[in-house]
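Reader: I'd like to learn how to read a fold like this one from its coordinates. Can we take it one feature at a time?

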Amino acid sequence: MNASTPIRIAGVSKHYGAALAVDNVSLEIGAGELFFLLGPSGCGKTTLLRMLAGFLTPDAGDIFFGDICITNLPPRERDAGLVFQTYALWPHMTVADNVAYGLRVRGKSNQEIAEHVGRALKMVRLDGLELRKPNQLSGGQQQRVALARALVIEPRVLLLDEPLSNLDARLRDEMRDEIQRLHAETRLTMVYVTHDQKEALSLADRLAVMEKGRLIQVGTARGVYDRPTTRFVANFLGDSNFLPGTVREADGETCVVDTALGSVRGTTPLVGLAPGRAVVCSIRPHALALNAADATNRFEADVKRVSFLGELVHIGVEANGAALEVVALPYSAGPLKAGDRLALGVPADQVVVLDA
């Protein structure tokens, strides 16, 4: 396998007619990172990936693999493996021939092809299935063939375009584990496009959230989840309660906000907050603790709805007209029902104050 390669994207933009699909994106991806481009449909993430692969050319800016500018190189000269959303396997070819296709195009000898294909299939745990056709494989096995085909050319960079979106929930879980294992074994630089927050949070070394062609926030999965910088990021990367209010006082990264629940203390990425400014407090449902007597922010709420989901309980509550969602473990929630009154608490570091 080739050495891991860093990626640098410098001021890249792309138009489709009058529509700006990617808007002046600059980004550095470290060698050996499993990096996610995350966002809703139409945010520009797939367009950016296709520019990395060479299927699209930027209207402005440059892309570097290591020290080499690959902006205008054709796809075959980039040493990038690509895994498509739809697998894109040749139905009349065997598994071995599908995996070998890129090597044959590169003019490798039959002996080299046999050695590389055997190694790639073993890497994705499909050795022994070389002579099967794609229609004799499960969806998960077909995706493994697509992975082996991308890996067999020993790429410097592996690009994955929503590779698990066609699989059912159980197979998605299995393939997430498989991709994580392959990354740990190969230490390839991988760029993974998805709109699935669970995939990104469970796999990413770092991720970038995109909206309307722009990078909104870049960081570790845990860092972006815990410390979103905008309401869009907080809302897209998992569930959140949004509690509007106005700033009472602010001191650096901490502030006090007047809300329907009273004064709420939280942390903020905003600079120079002035008293009276309209803001919104983002509070994750699992951050609201039941009967938390020692929490910084405490209040009482009326239970409106209880949904038992096995490993978790979702509790809809209302406090002074503010509707909130609480997620708790069943044993901590106890036998709750609509009409009960709850004492809730949330630490200040779990309240993120954002621009309204």
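This is a predicted model: local features need pLDDT of at least 70, side-chain atom pairs count only at pLDDT 80 or more; totals for chains, interfaces and linings use all residues.

Reader: Okay, and how do I find the sides of a helix?

Author: The general idea first: an α-helix has 3.6 residues a turn, so residues three or four places apart point the same way. In α3, the buried residues are I113, H116, V117, A120, L121 and M123. They cover an arc of only 150° around the axis, which puts them on the same side of α3.

Reader: Which exposed residues sit on the face turned away from that buried side of α3?

Author: Q111, A114 and K122.

Reader: And what do the buried residues of α3 pack against?

Author: Three helices: α2, α4 and α5 (169-186).

Reader: Two of those, α2 and α4, I'd like to see as a pair. How do I describe a helix crossing?

Author: Give the distance between the axes, the angle and the handedness. For α2 (residues 95-105) and α4 (residues 139-151), the axes come within 7 Å and cross at roughly 30°. The crossing of α2 past α4 is right-handed. On the α2 side, V95, N98 and V99 take part, and they meet V145, A148 and R149 of α4. Sorted by class, this contact has four nonpolar, one polar and one charged residues.

Reader: Where do D79 and E162 lie?

Author: D79 is in the loop between β5 (68-69) and β6 (80-83), and E162 is in the loop between β7 (157-161) and α5.

Reader: Is E162 buried or exposed?

Author: E162 counts as buried because its relative accessibility is 11%. D79, with a relative accessible area of 31%, is partly exposed.

Reader: How about contacts? How do I read the neighbours of a single residue?

Author: Take G266, which has its place in strand β13 (residues 262-267). G266 is at 1% relative accessibility, so it counts as buried. G266 touches E253, T254, C255, A348, V351 and V353. Then try T5, in the segment before β1 (7-16). T5 is buried too, with a relative accessible area of 6%. Its contacts are A31, F65, G66, R156, V157 and T189.

Reader: Can we zoom out to finish? How many helices and strands are there in the protein?

Author: Nine helices and 20 strands. The C-alpha atoms fill a box of roughly 75 × 45 × 35 Å along the principal axes. Of the 356 residues, 51% are buried. Among contacts with a separation of 6 or more, 66% come from residues 24 or more positions apart.

How values were computed. Residues are numbered from 1 along each chain as its sequence is written. Side-chain values use heavy atoms; hydrogens and water are left out. Axes are lines fitted to C-alpha atoms, for helices over the stretch in contact, and angles run from 0 to 180 degrees between N-to-C directions. Helices (H or I, at least four residues) and strands (E, at least two) are DSSP runs, numbered from the N terminus. A crossing is left-handed if the near helix is turned anticlockwise from the far one by less than a right angle, and right-handed if clockwise. Contact means heavy atoms within 4.5 Å. Ala, Val, Leu, Ile, Met, Phe, Trp, Tyr, Cys and Pro count as nonpolar, Asp, Glu, Lys and Arg as charged, and the others, Gly among them, as polar. Buried means under 20% relative accessible area, exposed over 50%, partly exposed in between (1.4 Å probe, protein chains only). The arc is that of the directions from the helix axis to the C-beta atoms.
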